[in-house]
Each structure stands twice: as structure tokens, then as C-alpha cells.
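Let me put the structure up, and then I'll talk you through it.

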Amino acid sequence: QVQLVESGGGLVQAGGSLRLSCAASGSTFNINTMGWYRQAPGKQRELVADVLSADNTNYADSVKGRFTISRDNAKNLVYLQMNSLKPEDTAVYYCYANQLRLFKVFEYWGQGTQVTVSS
């Protein structure tokens, strides 16, 4: 089992920045992709960004050029630097990880952290 704990959410004005962190603990061997999803009220959860390695990242079109995902494998941490925030970025942000064990892929989610961007 892998546990994911997010931190760094909060309230920020439009144009501001926030940095989200997610710490993985437990049986963290063979964690593959880590990333961030978000869910706004009344909307489906959507991918924000994920990272397999430093040169293998993926971003939603809506955040490209504004958000940067990074990962510290030694410490089992994943970060999301969010710049030039917009009100439409307001959502609960969830940390995500998947892991290969016994030829199966297991998915894990954090409890979520609220990000609110005021106009």
C-alpha cells in the first residue's frame, strides 16, 4: 500500500502562485507515474500534470506554460508549481500515483487539497 499526503493548497489572488507538494509513504518501490488531478464543483476530475521521469512529463493544455511538475524520487515527493493562477484553476487538487506489483497496476490517491483563486 502507498499513502499520499498533499500540502500547499490555499487561497491566492489571480496571477499569484502556489506550490503543491505530495509525499508518498508505505511500500513505495516500483512507483511509476505520479501526478496531479483536480476536480472543480460540478465537474469531472481531470488530469493536470503527471511525471514518469524528468524528461517524461504530461500537462493539460489549460496549464501548459503556467504549471510545472517535478519529482524527487529519493524522497518520494512530487511537486506542482502553479504560476499565473486563474479563477478557473479553483478546484480540489489530488495527488496520484500508480505502482506495478505482481504484474498488476495499482492506483493511489491523496485526500485532496483545496486551491481557490480569487479574481
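I'll go through the strands, then the core, then a few single residues and the salt bridges.

Some ground rules before that. Residues are numbered from 1 along each chain as its sequence is written, and side-chain values use heavy atoms, with hydrogens and water left out. What you see is a predicted model, where local features need pLDDT of at least 70 and side-chain atom pairs count only at pLDDT 80 or more, while totals for chains, interfaces and linings use all residues.

Okay, strands. When I say strand, I mean a DSSP run of E with at least two residues, numbered from the N terminus. Two strands pair if DSSP finds at least two bridges between them.

Let's begin with the four-stranded open sheet. What is the order of its strands? It goes β1-β3-β8-β7, and the pairing is antiparallel. β1 and β7 are the edge strands, each pairing on one side only. On average, neighbouring strands here are turned by 15° against each other, direction ignored; that comes from axes fitted to C-alpha atoms, with angles from 0 to 180 degrees between N-to-C directions. Looking at one pair, β1 and β3 run antiparallel and are joined by six bridges. Glu-6 is one to find on your screen: its bridge partner in β3 is Cys-22.

Now β9, residues 91-101. Is it mostly covered or mostly open? Mostly covered, with ten of its eleven residues buried. Buried means under 20% relative accessible area, exposed is over 50%, and partly exposed is in between, using a 1.4 Å probe and protein chains only.

β9 has several partners. With β4 (residues 31-39) it pairs in the antiparallel sense over seven bridges, and there Gln-39 stands opposite Val-92. With β10 (residues 104-109) it is also antiparallel, over six bridges; Ala-97 has Tyr-108 as its bridge partner there. The hairpin of β9 and β10 has two residues between the strands, and Leu-102 in that hairpin takes a positive phi near 50°.

The largest one has 30 residues, and Leu-4, Trp-36, Leu-80, Met-82 and Tyr-93 have the most contacts inside it. Strands that each supply at least two residues of this core include β1, β3, β4, β8, β9 and β11.

Next, two single residues. Gln-1 sits in the segment before β1. It counts as exposed because its relative accessibility is 58%. Which residues does Gln-1 touch, not counting those up to four places away in sequence? Ser-25, Gly-26, Ser-27, Arg-101 and Tyr-108, where contact means heavy atoms within 4.5 Å.

Compare that with Thr-113, in strand β11. Why does Thr-113 count as buried? Because its relative accessibility is 12%. A polar atom of the Thr-113 side chain lies 3.3 Å from the backbone nitrogen of Gly-9. Leaving out residues up to four places away in sequence, Thr-113 touches Glu-6, Gly-9, Leu-20, Ala-91, Val-92 and Tyr-93.

Last stop, salt bridges. One of these is a side-chain nitrogen of Lys or Arg within 4 Å of a carboxyl oxygen of Asp or Glu. How many does a search of the whole structure find? Four.

Through shared partners, salt bridges join Arg-38, Glu-46, Arg-66 and Asp-89 into one network.

Elsewhere, Asp-61 and Lys-64 form a salt bridge with 3.1 Å between the closest N and O atoms, and both of these residues are exposed.

Conventions
A nonpolar core is a set of buried Ala, Val, Leu, Ile, Met, Phe, Trp, Tyr and Cys residues joined through side-chain atoms within 4.5 Å. A polar contact is a pair of N or O atoms within 3.5 Å; within protein, one must be able to donate a hydrogen and the other to accept it, and residues adjacent in sequence count only if both atoms are side-chain atoms.
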